[in-house]
Structure formats: C-alpha cells, structure tokens
Amino acid sequence: MTAADLPDPLPDLLTIPTPALILDLERLTRNIARMSAHVARLGARLRPHIKTHKCPPIARQQVAGWFGGVTISTLAEGFAFADAGFDDLLYAVPLEPGKFRRACDLARRVRRLAVITDDPDLPPLLSAAAMAAGVALDVFIEIDCGDGRTGLPFADAARIARTARAIAGAKGLALAGVLTHAGQAYAARAADERRAIAELERDRMQRVAAELERLGLEAPCVSIGSTPAIVALDAPLPPNFEVRPGNYAFFDAFQAQCGVCAFDDCALTVLTAVIHRGADKVVTDAGAIALSKDIGASDFFAKSGYGLVGDVAGRSLGLRVAAVAQEHGRIPVPDRALLDRLPLGARLRIAPNHSCLTAAQHAHYWVVVADRVVDRWPVARGW
Ligand SMILES: Cc1ncc(COP(=O)(O)O)c(C=O)c1O
C-alpha cells in the first residue's frame with residue numbers, strides 16, 4: 001500500500017464503509033513485544049505464523065530483533081511476503097504434488113523455503129520437481145503430538161525414520177527437522193492444563209528428534225507451538241527449538257475467554273453498523289462473511305457467540321453476536337435503555353471469536369491509534 005492508494009483525507013470510525021477491519025496499533029505492538037520478550041526468555045527462536053494477519057507490515061514488527069523467518073499457511077502468502085522482502089519462509093501445511101510447481105517458483109524467489117510432509121512417498125516426487133526446477137528445498141517431517149489433524153503419530157518411530165531417510169536421500173531436498181502443532185491446547189480451559197500440553201509437545205518432539213539422531217538422521221530444528229501453548233510455557237527450551245505462534249498478534253474473544261490474554265489485548269475488531277432494530281435485538285451488517293462463522297470456541301464458551309460487542313470506541317457493551325447470516329449479525333439487547341442508545345446506523349465494534357479467520361475475509365485493515373485512523377494495510381488473501 002503506497003500513500004497514493006490511500007483515501008485523502010483518511011476516513012474516521014464514523015465514515016469508514018462498514019463492515020471493516022479495525023486494527024488497534026498500540027495493542028498490536030504491545031502483544032508483539034510481549035511475545036518477543038517471552039520467547040527470548042524461553043531461549044528459542046521465534047518464527048511467527050503470519051496466517052493470522054497475512055500482512056507484511058505486521059510481520060516486520062514481529063521479526064524485529066529476530067532472524068527474519070516467518071511461517072506461512074498459503075503459497076499466496078508466500079509470494080506476497082517474498083515481494084515484501086521476506087526471504088526465509090516455512091510453508092506449514094502439508095505439501096501435495098498439485099502445488100509443486102508453484103512451491104518451486106516461490107523457492108526461486110527466496111533464500112530459503114521449507115515445506116512440511118507426513119508422507120514418506122512425497123520426497124522422491126518432490127525431489128524430481130525440485131531438480132527439474134533447479135531449486136533446493138528444506139523439508140520438515142510433521143509429527144502428530146496428540147492433535148489428530150495431520151502429522152505422523154509421534155510414537156510411529158518406524159514411519160518417521162522412513163520419511164526422514166526418504167528426505168535425506170533425495171537430491172535437492174534437505175531434512176530441516178521435525179515440526180508439530182499441538183492444536184489440542186485450544187481445548188484446555190486452564191493455564192496449567194495448557195502448560196501440561198505444551199510440555200508434552202516439547203518432550204515428545206525432543207524424543208522424536210533424539211531418535212532420528214540416534215539413527216544418524218540429524219533433524220537440526222524442532223518446530224513447535226501455537227499461541228496458547230507458547231504462552232503457557234515457562235521453562236527454557238533447548239536452543240534448537242523454533243516456535244511458531246500466530247494468533248498472539250491480534251488475540252480474540254476466544255483467547256480472552258480461555259484466559260490466554262485479557263479482553264483489552266484484543267487488537268482486531270470489526271466495525272459494523274446497525275441495519276435493523278427489533279424489540280430486544282439489533283441486527284448489524286457484520287454477518288458470516290465479515291466475522292467468519294467459526295463457532296468452535298462457542299462449544300466451550302457459549303457466551304462469546306460469533307464475537308463480543310463494544311461501542312465505536314471499543315468499550316464493552318456486554319453483548320455478543322448470537323447468530324449470523326451472510327450479511328446479518330444478530331445481537332440480542334435485552335436492556336431497553338441500551339437498545340434506545342443504538343439507533344439505525346449506530347456503529348459498533350465487534351471483537352471476533354477467532355481473529356485469524358475474520359481477518360482473512362477482508363481486503364485490508366484500517367489502522368488506528370487512539371481511535372484515529374492513521375493508515376490502511378493490505379491482507380494477502382487467497383491460496
Ligand atoms: C502449523 C501451525 N503452526 C502454528 C500455528 C499458530 O497457532 P496460533 O494461531 O494458535 O498461534 C498454526 C495455527 O493454526 C498452525 O496450523
């Protein structure tokens with residue numbers, strides 16, 4: 001985004017077309033500084049996951065003082081970040097042959113591209129593609145430490161070793177290490193439960209890496225960590241550990257309800273306008289597209305619904321978005337006096353349930369400092 005692309009004058013919170021993403025720069029900067037200090041205390045390397053925001057100016061803050069590496073979740077993010085000067089990328093979604101050509105194109109554009117696999121049949125196929133394209137790729141083996149999403153089961157030593165041998169023996173590929181995502185930390189309700197999951201993740205991964213080393217298959221890097229798991233850790237990590245938290249940049253209503261952050265840490269809100277008033281509710285123009293329809297969190301915390309509602313200054317009104325249609329968000333307002341303060345067109349700010357999914361629905365962030373719009377940053381969407 002160049003200054004020339006920005007509307008002049010910049011709109012304010014009462015004139016930005018709704019629904020729109022509002023990013024509180026001071027909260028963002030504070031969240032980033034806290035995680036940076038925490039990871040430094042843990043003695044690990046920070047490779048933030050940029051899938052949360054898909055926005056180079058935010059990632060630049062996150063990697064300040066670190067080695068510059070970031071984690072990506074789509075090749076589209078990879079190309080946008082390569083264009084923005086990031087040259088050490090970890091694409092942390094299992095690679096499949098349909099993406100080889102674009103992955104090799106991306107590898108040509110950066111100093112280092114690492115990919116992940118949990119399939120011993122992939123390395124020879126990827127090696128052929130890399131050799132044909134004249135690129136070298138680092139490959140992590142994805143391990144499942146209990147989340148059950150993707151990855152080889154941590155206890156399946158034979159298959160892990162077979163995959164490691166397939167990578168180490170493939171021209172154009174190098175075994176970068178082992179990687180896991182303990183997504184089960186999101187189901188934990190208490191900090192000590194999260195810490196136990198994070199420590200199990202750390203210990204299981206250390207054992208997997210040690211076993212590979214015993215077999216003469218060196219896994220130089222152990223890559224772990226979601227926001228709840230990393231926040232929960234307090235004992236130092238071994239120096240070959242890299243951590244990949246992402247959500248911490250924004251946090252969201254879900255993380256706040258879990259106790260991973262405070263509500264005042266939520267840096268991302270959706271600015272919305274009242275489009276309908278009923279006897280005990282309002283409906284706004286932030287529906288399923290503007291907020292996302294991620295109700296995963298509501299399974300645990302029904303109170304947050306699709307998002308928590310604040311006034312235009314972001315101060316909590318004690319309301320939640322209870323239901324969404326494509327362009328409609330229904331907010332129950334049982335308090336008559338409060339309803340009277342919400343006329344047609346009234347502007348509200350909703351802290352979304354899951355900020356990563358919300359951000360991906362929008363083209364840009366309106367960046368605010370003390371509720372004054374100071375900039376607009378793009379979101380690198382798509383795949
Ligand atoms: C592979 C991987 N690493 C890291 C993360 C970051 O997790 P969080 O957003 O909780 O920080 C994710 C999130 O889904 C992920 O899939």
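1. Which residues does Tyr91 touch, not counting residues up to four places away in sequence? In this predicted model, the partners of Tyr91 are Ile72, Leu75, Gly78, Ala103, Leu113 and Val115.

2. Tyr91 also belongs to the largest nonpolar core, which has 117 residues. Together with Leu23, Ala103, Ile143 and Val178, Tyr91 is among the residues with the most contacts inside this core. The element that gives the most to the core is helix α7 (residues 191-214), with 6 residues. Because both domain 1 (26-249) and domain 2 (255-378) give residues to the core, it lies between them. As background, nonpolar side chains in soluble globular proteins tend to be buried together.

3. Strand β18 (residues 364-369) pairs with two strands, β1 and β19. With strand β1 (residues 20-24), β18 runs parallel and is joined by 4 bridges; here Tyr365 in β18 stands opposite Leu21. With strand β19 (residues 372-378), β18 runs antiparallel and is joined by 6 bridges; Trp366 has Arg376 in β19 as its bridge partner. β18 and β19 form a hairpin with 2 residues between them. In the turn, Ala370 has a positive phi of about 50°.

4. As to the overall fold, the secondary structure of the chain comprises 12 helices and 19 strands. Of contacts between residues at least 6 apart in sequence, 66% join residues at least 24 apart. Of the 383 residues, 49% count as buried.

5. The C-alpha trace spans about 70 × 50 × 35 Å along its principal axes.

Technical notes
Residues are numbered from 1 along each chain as its sequence is written. This is a predicted model: local features need pLDDT of at least 70, side-chain atom pairs count only at pLDDT 80 or more; totals for chains, interfaces and linings use all residues. A nonpolar core is a set of buried Ala, Val, Leu, Ile, Met, Phe, Trp, Tyr and Cys residues joined through C-beta atoms within 7 Å. A residue is buried if 20 or more other C-beta atoms lie within 10 Å of its own, exposed if 12 or fewer, and partly exposed in between; C-beta atoms are placed from the backbone. Domain bounds come from an automatic or database domain assignment. Two residues are in contact if their C-beta atoms, placed from the backbone, lie within 7 Å. Two strands pair if DSSP finds at least two bridges between them.
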